[in-house]
Amino acid sequence: MGVRAMIGLLDRRTLQDIGLVVVADAIVGLSFGAIAVGGGMPVWVPIAMSLLVFAGGSQFAALGILLAGGDPAAAVAAGLVLNARLLAFGFAAADALGPGWWRRLLGAQIITDESIAFTLSSDDPDRRRALFWVSGVALFIAWNVAVALGALLGTIVGDTDALGLDAAFPAVLIALVVPALKDAALRIAAAVGAVLAVGATPFLPAGVPVLLSLLALVVVLRSRWRRRDGDGDGSGGRGPAGGAAGSGSGLDELGDAHPFGPAGGLR
Amino acid sequence: MSAMALLLPILILAVGTYAFRLVGPAVHGRVRLPRFVDDLLGDGAIVLLSALTVTSAVFEAGQFAGWARPIGVAVAVALAIVKAPFPVIVVSAALVTALLRLIFPGLDG
């Protein structure tokens with residue numbers, strides 16, 4: 001199926017939705033590039049990161065730890081913990097990448113919250129493929145162009161603190177995370193984790209306190225997972241993908257969490 | 001930091017992230033992830049992001065960052081709760097922080 005055939009499978013409304021998410025992500029990408037360079041990184045760092053990692057939440061996390069003078073190993077660890085959810089996404093949308101190894105190898109790189117949320121909105125195999133590839137490629141191009149422009153902007157703007165850009169990074173995270181905190185147990189875990197991280201910050205190297213927050217996850221959420229495991233498997237398909245593999249809470253939380261509209265949140 | 005000291009963490013993060021993405025398509029969805037693992041991955045991302053949000057709002061290189069930034073971020077929280085559009089949330093936080101610094105230069109200590 002060629003590009004034209006794929007776009008032909010999608011109605012105007014869907015293409016508009018994809019366009020809106022592309023624009024919103026471009027704004028985030030612009031701020032990522034500007035914050036990175038404004039914070040003192042060489043221009044190639046945000047650009048290389050965006051092309052190679054292509055996962056916005058982890059890019060902001062790793063960059064924040066590096067800019068704070070943290071251990072690069074902690075930056076990598078935080079980024080990988082955030083991106084572990086992509087494992088679940090890969091299982092949920094595996095069919096949409098298409099047959100053949102090269103499609104799987106290329107398609108894997110454009111698996112994001114957004115492209116998966118669009119993909120899971122349909123049950124029809126051809127439409128799922130079209131949704132995945134059209135949204136994924138559009139987001140990849142927009143994100144990387146925006147980050148490069150933002151990086152150049154960062155070289156022009158000298159004092160990013162005077163513009164309040166240092167508040168933009170936590171604000172981006174808030175826009176991503178607040179809509180996902182729907183469940184009480186998860187809110188408690190997030191609060192306890194944040195308290196642990198803040199309390200540990202004066203004593204531990206940058207990046208490590210954030211990882212410490214995961215302890216709260218295990219303590220607070222163990223009962224929740226056990227409960228869900230018990231009643232989960234019999235209840236059949238949840239969410240728009242019906243019985244598609246692996247549409248559990250990772251997807252539910254992120255899929256509904258998008259601050260811009262129909263798609264997922266944490267890219 | 002030297003170029004190599006920056007490139008190496010980027011490459012490791014990139015390779016690890018790509019590996020997470022590729023497993024599902026590589027087995028072509030034939031295997032299902034246990035529900036427990038699926039929940040753990042989603043919840044872990046959100047708890048970690050919440051902690052990162054708070055620490056990056058309050059600290060700068062291990063020290064208190066001053067009041068302008070956390071106040072700007074608090075505005076972002078309020079706007080996110082009332083479901084303001086994404087660009088509004090981010091621009092408002094930056095704008096409030098920048099204005100506070102302009103009007104009250106002593107605020108950041």
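This note goes through the predicted model of chains A and B point by point.

1. Basis. Residues are numbered from 1 along each chain as its sequence is written, while chains are lettered from A and ligands numbered from 1 in the order in which they are written. As the model is predicted, local features need pLDDT of at least 70 and side-chain atom pairs count only at pLDDT 80 or more, whereas totals for chains, interfaces and linings use all residues.

2. Confidence in chain A. The predictor's confidence in each residue is pLDDT, on a scale from 0 to 100. Chain A has a mean pLDDT of 81, and 84% of its residues reach 70 or more. Within chain A, helix α3 has the highest confidence, at 98, and helix α14 (residues 249-255) the lowest, at a mean of 43. Over residues 232-267 of chain A, pLDDT stays under 50, although the model has 108 contacts beyond four places in sequence for this stretch. Where pLDDT is low, the predicted coordinates should not be read in detail.

3. Make-up of chain A. Chain A has 14 helices and zero strands. (Helices are DSSP runs of H or I with at least four residues, strands are runs of E with at least two, and both are numbered from the N terminus.) Of the 267 residues in chain A, 57% are buried. A residue is buried if 20 or more other C-beta atoms lie within 10 Å of its own, exposed if 12 or fewer, and partly exposed in between, with C-beta atoms placed from the backbone. Among the contacts in chain A with a separation of 6 or more, 72% are between residues 24 or more positions apart. (Two residues are in contact if their C-beta atoms, placed from the backbone, lie within 7 Å.)

4. Helix α10 of chain A. This helix covers residues 165-177 and reaches 19 Å from its first C-alpha to its last, close to the 18 Å expected for its 13 residues at 1.5 Å a residue. (The expected span is 1.5 Å times one less than the number of residues.) In α10(A), 13 of the 13 residues are buried.

5. Val45(A). This residue sits in helix α3 (residues 44-52) of chain A. Val45(A) counts as buried because it has 22 C-beta neighbours inside 10 Å. Leaving out residues up to four places away in sequence, Val45(A) touches Ala36(A) and Leu6(B). Ala151(A) is 106 residues from Val45(A) in sequence, yet the two C-alpha atoms are 9.0 Å apart.

6. Val31(B). In chain B, the loop between α1 (3-26) and α2 (35-58) holds Val31(B). With 12 other C-beta atoms within 10 Å, Val31(B) is exposed. Val31(B) and Ala45(B) are 14 residues apart in sequence and 23 Å apart from C-alpha to C-alpha.

7. Where the chains meet. In chain B, 65 residues are in contact with 91 residues of chain A. On the side of chain B that touches chain A, α2(B) gives the most, with 23 residues. That side of chain B divides into 43 nonpolar, 14 polar and eight charged residues. (Ala, Val, Leu, Ile, Met, Phe, Trp, Tyr, Cys and Pro count as nonpolar, Asp, Glu, Lys and Arg as charged, and the others, Gly among them, as polar.) Leu48(B) touches residues including Ala78(A), Val81(A) and Leu82(A).
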